[in-house]
Amino acid sequence: ISQEPRQLQDYIPNPGPPVTCNFAMTTFQMDTFSPTQGDGIIFAMKSQESDDNGVKITSFGFNVPTAKSQTVDFKVYALKQEGFYADPNRDSLNQGRTYDYRGTSQIDKWEEISKGTIKNDDLIAGDTNGNAPDFYKIPFGMFNAVQIPPNGGVRSFYISTNLLYTDPTLDAGVNDKQLLIGYNDPNVPKLLTGEGASGFSDTKFMYKTREFV
């Protein structure tokens, strides 16, 4: 899964020990791709309309090859309120027409849920193909869990670090569902196509449609 920079963990009630059971959810693996490296990505997740309980996100993981040669600081934010980080209806400059919480001037609308420093020793191999380790998974103890509301509820996230992303597959647009593998639970949340963020700029046309691969 080194070609799958995001790994999501969800929290599911379990009647027997242990009390909780964590399952991994990853984006679709592609054999060939041309990833780009950026300093952040902003995206939303949506629960299934049939899910009456919602899902609690307890960790993120991502490929961060920069950490093989230098330490990399990261921060993860969740939008304090439910919903998309920007109105999906955009103007010609990519500004949300009725609301838009992207940018440093809007950072008070976001809650920091994780931060840390990634070193080479923290990296693990993301696949079994002999590739050099470049995958980092945030430890559960360093992540404040966030609930995605039930029945089609939405939460938005912003990850700030040097990580890999790519152009959307099949010309997907912002907030289109990303392809997932290795997870068949009907209540799995939808991981939506996001936008690459250059320093969480207030200039909205700087955001480019991106998704993890």
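1. Arg102 counts as buried, at 0% relative accessibility; buried means under 20% relative accessible area, exposed over 50%, and partly exposed in between, with a 1.4 Å probe and protein chains only. This is a predicted model, in which local features need pLDDT of at least 70 and side-chain atom pairs count only at pLDDT 80 or more, while totals for chains, interfaces and linings use all residues. Residues are numbered from 1 along each chain as its sequence is written, and side-chain values use heavy atoms, with hydrogens and water left out.

2. Arg102 forms a salt bridge with Asp100, their closest N and O atoms being 2.6 Å apart; a salt bridge is a side-chain nitrogen of Lys or Arg within 4 Å of a carboxyl oxygen of Asp or Glu. Asp100 is buried as well. A further salt bridge joins Arg102 to Glu195, at 3.1 Å from N to O. This pair links distant parts of the chain, 93 residues apart: Glu195 is in strand E14, and Arg102 is in the loop between strand E6 (72-79) and strand E7 (110-118). Strands (E, at least two residues) and helices (H or I, at least four) are DSSP runs numbered from the N terminus. Glu195 is buried, with a relative accessible area of 1%.

3. Lys119 and Asp122 also form a salt bridge, with the closest N and O atoms 3.5 Å apart. Salt bridges that share partners join Arg90, Asp100, Arg102 and Glu195 into one network. Lys119 is partly exposed at 41% relative accessibility, and Asp122 is partly exposed at 28%. The count of salt bridges comes to nine.

4. Strand E4 (41-46) has five of its six residues buried, so it is largely enclosed by the rest of the structure. Six bridges join E4 to the antiparallel strand E10 (residues 154-160), with Phe43 opposite Phe157; two strands pair if DSSP finds at least two bridges between them. E4 also pairs with E14 in the antiparallel sense over two bridges, where Ile42 stands opposite Glu195. Two bridges likewise pair E4 with strand E13 (residues 190-191), again antiparallel, and Met45 has Leu191 as its bridge partner there.

5. Asp51 lies in the loop between E4 and strand E5 (55-63). Asp51 is buried yet has no salt bridge, and the nearest side chain of opposite charge, Lys190, is 11 Å away; Lys and Arg count as positive and Asp and Glu as negative, with His and the chain ends not counted. The Asp51 side chain reaches the backbone nitrogen of Asn53 at 2.9 Å.

Terms used. A polar contact is a pair of N or O atoms within 3.5 Å; within protein, one must be able to donate a hydrogen and the other to accept it, and residues adjacent in sequence count only if both atoms are side-chain atoms.
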